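Please read it with the sequence and the model side by side.

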Amino acid sequence: CLSSSLFSRAPILPFVLSDPGEGINQCEILKWHVQVDSPLSEFDLICELQHDKANVEITSPFEGIVRKLYYKTGDIAVVGKPL
């Protein structure tokens, strides 16, 4: 479990949806595995996405605390924008 005080002075880093390839520019959010203010370790599962070619599980490249979710389940997330 991570201490929130450990990250209280750390900068907020946006986690941007990366390009899954083959000209795909958006994905549907199928399920969130995190919520606002939940601690997050590197490689923890963040969400499941679906695009027209596959379902994808997104993991965290960071350790920290989730501060904001930009989409709800069922929303369409845009590649290059924060999740």
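## Fold

The model is predicted. The protein chain has 0 helices and 6 strands. Read from the N terminus, the order of elements is β-β-β-β-β-β. Of the 83 residues in the protein chain, 27% are buried. Take the contacts in the protein chain with a separation of 6 or more: 58% of them come from residues 24 or more positions apart.

## Cysteines

How many disulfides does the structure hold? The count is 0. C27 is in no disulfide, and the nearest cysteine sulfur, that of C47, is 8.9 Å away. A disulfide needs two cysteine sulfur atoms within 2.5 Å. The sulfur of C47 has its closest cysteine sulfur in C27, at 8.9 Å, so the pair is too far apart for a bond. C27 is buried, at 3% relative accessibility. C47 is buried too, with a relative accessible area of 0%.

## Largest pocket

The volume of the largest pocket is about 560 Å³. Its lining consists of 24 residues. Nearest the centre of the pocket lie I12, L13, I65, V66 and R67. By class, the lining splits into 18 nonpolar, 3 polar and 3 charged residues.

## The loop between β1 and β2

D37 sits in the loop between β1 (26-32) and β2 (39-40). D37 is not a glycine, yet its phi is positive, at about 75°.

The side chains of D37 and R67 are joined by a polar contact of 3.1 Å. The C-alpha atoms of D37 and V66 are 5.1 Å apart, although 29 residues separate the two along the chain. I65, V66 and R67 are also among the residues that lie nearest the centre of the largest pocket.

S38 is found in the loop between β1 and β2 as well. S38 is buried, at 14% relative accessibility. Its side chain reaches the backbone oxygen of Q35 at 2.6 Å. Not counting residues up to four places away in sequence, S38 touches G64, I65 and V66.

## The loop between β2 and β3

F43 lies in the loop between β2 and β3 (45-50). F43 also has a positive phi, of about 80°, although it is not a glycine. F43 is exposed, with a relative accessible area of 62%.

## The loop between β4 and β5

S60 is placed in the loop between β4 (55-59) and β5 (64-65). Is S60 buried or exposed? S60 is buried, at 2% relative accessibility. A polar atom of the S60 side chain lies 2.6 Å from the backbone oxygen of F62. With neighbours within four places in sequence left aside, S60 is in contact with L40, S41, E42, F43, D44 and I46. F43, the residue with the positive phi of about 80°, is one of these partners.

G80 belongs to the segment after β6 (76-78). At 47% relative accessibility, G80 counts as partly exposed. G80 and Q26 are 54 residues apart along the chain, and their C-alpha atoms are separated by 9.1 Å. Beyond its neighbours within four places in sequence, G80 is in contact with V16 and L17.

## Accessibility at a glance

The table collects the residues discussed above.

| Residue | Relative accessibility | Class |
|---|---|---|
| C27 | 3% | buried |
| C47 | 0% | buried |
| S38 | 14% | buried |
| F43 | 62% | exposed |
| S60 | 2% | buried |
| G80 | 47% | partly exposed |

Conventions. Residues are numbered from 1 along each chain as its sequence is written. This is a predicted model: local features need pLDDT of at least 70, side-chain atom pairs count only at pLDDT 80 or more; totals for chains, interfaces and linings use all residues. Side-chain values use heavy atoms; hydrogens and water are left out. Buried means under 20% relative accessible area, exposed over 50%, partly exposed in between (1.4 Å probe, protein chains only). On a 1 Å grid over the protein atoms alone, a cavity is a set of points where a 1.4 Å probe fits but cannot get out, and a pocket is an open set with protein on both sides within 12 Å along at least five of seven lines; lining residues have an atom within 4 Å of a point. Grid points are joined across faces, edges and corners, and a volume is the space filled by probe spheres set on the points. Ala, Val, Leu, Ile, Met, Phe, Trp, Tyr, Cys and Pro count as nonpolar, Asp, Glu, Lys and Arg as charged, and the others, Gly among them, as polar. Helices (H or I, at least four residues) and strands (E, at least two) are DSSP runs, numbered from the N terminus. A polar contact is a pair of N or O atoms within 3.5 Å; within protein, one must be able to donate a hydrogen and the other to accept it, and residues adjacent in sequence count only if both atoms are side-chain atoms. Contact means heavy atoms within 4.5 Å.
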